[in-house]
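Please open the structure in your viewer and keep the selection panel within reach. The tour goes one selection at a time, and each stop says what to pick and what is there.

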There are 2 protein chains.
Amino acid sequence: MFNTVTIVGVGLIGGSFGLALKDLRLASKVIGVSRSGSTAQKALQLGIVDEVMGLEEAVRQSDLIYVAIPVDVTLPVMHTILDMIRPDQIVVDAGSTKQALCTSVADHPNRARFVATHPMWGTEYSGPEAAVHDAFRGRTCVICEAEKSDPQALATIKKMYTDLGMSLVYMEAEGHDVHAAYVSHISHITSFALANTVLEKEREEDAIFELAGGGFESTVRLAKSSPAMWGPIFMQNRENVLDVLNEHIAQLRKFKSSLEKENYAFLMELMDNANKIRRILK
Amino acid sequence: MFNTVTIVGVGLIGGSFGLALKDLRLASKVIGVSRSGSTAQKALQLGIVDEVMGLEEAVRQSDLIYVAIPVDVTLPVMHTILDMIRPDQIVVDAGSTKQALCTSVADHPNRARFVATHPMWGTEYSGPEAAVHDAFRGRTCVICEAEKSDPQALATIKKMYTDLGMSLVYMEAEGHDVHAAYVSHISHITSFALANTVLEKEREEDAIFELAGGGFESTVRLAKSSPAMWGPIFMQNRENVLDVLNEHIAQLRKFKSSLEKENYAFLMELMDNANKIRRILK
C-alpha cells in the first residue's frame, strides 16, 4: 500500500501502528523518528521500525508520515512537516485532541495533504514496549474535517484504517473534542484523582495491595497513564474537560448528599439511573 | 469436607460459591435458599444447587450455612439462623461490610458458631446467571474478629477458603470497613457518578457507543452493578464512604484548579503522584 512510512513518535500508539503496518504488509519500509535515541533504538530492537533517522531525512523518503507524539509537541512538528512535504505525500496525526491542531494548520498551503485522525484505542502503558499487535482492530477511528483533506489522500487513509480493522466516524474537530472529553479524558482524570485519594488517605499500602480487587484495579488502572501524554491533552481540551469535570463533581455531590441525609430513596435513584449505562456499554 | 451446605442467596457471590463447592467436591449436597422463586429455580437449572427449600428446613439439614445476600437483609437473617443452629453447625457471611453485622451479633449466645468473612471478589453483574466457576482463586478473603469464632469452626472455614484458592487476611471489623471504603466502595461510587455524568451531558448516545474505548469502559463498568446490593453497603459504611468521597472530591478539585489556572506544573505534579499507584497495582 505504501512504499515508505515514517512514524514520528514510536511509543504506545506509533509503535502499535508500526507493528500493524508490518503485520499486514502495508509498507515496504517503516522509518522511526524519536527525540530520544534510546526510544528509537528500542523500537528498532522490537521490530517496530526498520530504520531510525532524523525527521527531515525521514520525511523526504516517505509517502506517509504518521505523527503520534504528545499533542502539544504535535503543533510545531506538524508545521515543520507540512512546510517541507511534496504534493504526493500524506501526513496523518493520531492525537486525542483535534481542535487546536486543525485550527493551527487551517491556513497552511499544504493543509489538503493532512488527514486529522484519532484512532480510539490506548492502554495505561507508554513507550515502544507498550506497543501491541493488532491493537486497532474492532475499534473506532474518528476522522475530523475530512472535507479539508485532498479526496485521494483521504481515500488512502480511510482504506488504511479499514485495513487495520477500524470502523470510521466523521466529526468536526470541535465535536470530536467534546465527545472525547466525555468518553476518554474524564475517565483519566477520575482515575488519576482516585489514585491520589487512596494514596493520600491509605497509609498502610500492604492493605491496599492485598485487598484491592478487580473493581478497584479497573477504575484506577488509568492512573498509571503517562503524564507527558495526558497533560497536554487536558490543557488543549481544558474547556470541555472542565465542563465535564464540573458535572462529575456535581454528580458525586449527589451521592454525598444522599449519604449525609441518609436518603436511601435518592441513593437508589442515582444508582438506578447509572445502570442505564448498560444500554450503551456491551 | 461438608455433608450439606445451605447457601442463602444464590446470586453472584452465593452462586459462585456453590459452583466452587461442586467443582472441588467440598460438599455432598448444596441447598439453595432464595426469597425469589424464580432465582431459586434458575440456580437449580444452572447446577449451582442440588435442591431449593425454605430457610428453616435448609438450616436444619446443613453443617454449613453460607449467607450471601444484601448486607441490610443479612442482619435479621443472621439472627434467625443463629437462633436456631446447633453447636455442630457453622454460619458464615460474605458481606462487603462487617462492622454492623459483627456488632449486631456480638452478644448472641451462638456467636462462636459464626465466622465473619469477606471474599474480595465480584463483578458488575448479579443473579445466579452471573455466577462463575473458580471465581475466588488468587483473591484475598478477609476474616474479621477471628478470635470470637470457635477455633474449630474457624479452622474449618480457613481450610475451606484456602481450598477455594484464596489467601487469608485477618482484620477487626472496623478496620475492614475502612479499607473496603478505599479499595472497593469508592470505586463503585465514582463509577456510578461517572455514568450519570456522561448520561446527563451526552445526549447523542450513538457517539458514546461508538467512541467509548477501553478506558471509558473500564472506569464505568462498575456502574452496571446492582443497586440492591450496593445501596445497603454504602448506607452501612456511610461514615467511611463519606470520608473517602470527601477526599476524592477534594482531589478532583485539585485537577479542576490546575486546569482553571492553567497551572501545568501542578497538573503534572498531580499526575506524577497518581502514577505511584503503579507500585501497588501489578
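In what order do the eight strands of the open sheet in chain A stand? Select the strands of chain A in this predicted model, and follow them across the sheet in the order 3-2-1-4-5-6-7-8, noting as you go that the pairing is mixed. At the edges you will find strand 3 (51–52) and strand 8 (167–171) of chain A, and because each has a single partner strand, one side of each is left without a neighbour in the sheet.

Next, select strand 6 (residues 114–119) and strand 7 of chain A, which run antiparallel and are joined by four bridges. Within this pair, colour A:Thr117 and then look across to A:Ile143 in strand 7 of chain A, which stands opposite A:Thr117.

Step back to the whole of chain A, and colour it by its two domains, with domain 1 covering 2–172 and domain 2 covering 176–280. The C-alpha centres of domain 1 and domain 2 of chain A lie 30 Å apart, and the contact takes 15 residues from domain 1 of chain A and 15 residues from domain 2 of chain A. To see which elements of domain 1 of chain A give two or more residues to the side that touches domain 2 of chain A, select helix 4 (71–84), helix 5 (99–105) and strand 7 (140–144) of chain A. The residues on that side of domain 1 of chain A divide into six nonpolar, five polar and four charged.

Move on to chain B and select its strands. Here, eight strands form an open sheet in the order 3-2-1-4-5-6-7-8, with mixed pairing. Zoom in on strand 2 (residues 27–33) and strand 3 of chain B, which pair in the parallel sense over two bridges, and find B:Gly32, whose bridge partner in strand 3 of chain B is B:Val52. Then select helix 7 of chain B, which lies across strand 6 (114–119), strand 7 and strand 8 of chain B and runs at about 145° to strand 7 of chain B.

Show both chains together for the next stop. How many residues of chain B are in contact with chain A? There are 80 residues of chain B in contact with 80 residues of chain A, and several elements of chain B each supply at least two residues of the side that touches chain A, including helix 7 (173–201), helix 11 (238–260) and helix 12 (264–274). Helix 7 of chain B gives the most to this side, with 20 residues, and the residues of the side as a whole divide into 44 nonpolar, 19 polar and 17 charged.

For a close view between the chains, select helix 7 (residues 173–201) of chain A and helix 12 of chain B, which pack at an angle of about 65° with their axes 8 Å apart, in a left-handed crossing. Show the side chains of A:Phe192, A:Ala195, A:Asn196 and A:Leu199, which meet B:Leu270, B:Met271, B:Asn273 and B:Ala274.

The same surface serves both copies, as 100% of the contact residues of chain B recur in chain A.

Definitions and conventions
Residues are numbered from 1 along each chain as its sequence is written. Chains are lettered from A and ligands numbered from 1 in the order in which they are written. This is a predicted model: local features need pLDDT of at least 70, side-chain atom pairs count only at pLDDT 80 or more; totals for chains, interfaces and linings use all residues. Two residues are in contact if their C-beta atoms, placed from the backbone, lie within 7 Å. Ala, Val, Leu, Ile, Met, Phe, Trp, Tyr, Cys and Pro count as nonpolar, Asp, Glu, Lys and Arg as charged, and the others, Gly among them, as polar. Two strands pair if DSSP finds at least two bridges between them. Axes are lines fitted to C-alpha atoms, for helices over the stretch in contact, and angles run from 0 to 180 degrees between N-to-C directions. Domain bounds come from an automatic or database domain assignment. A crossing is left-handed if the near helix is turned anticlockwise from the far one by less than a right angle, and right-handed if clockwise.
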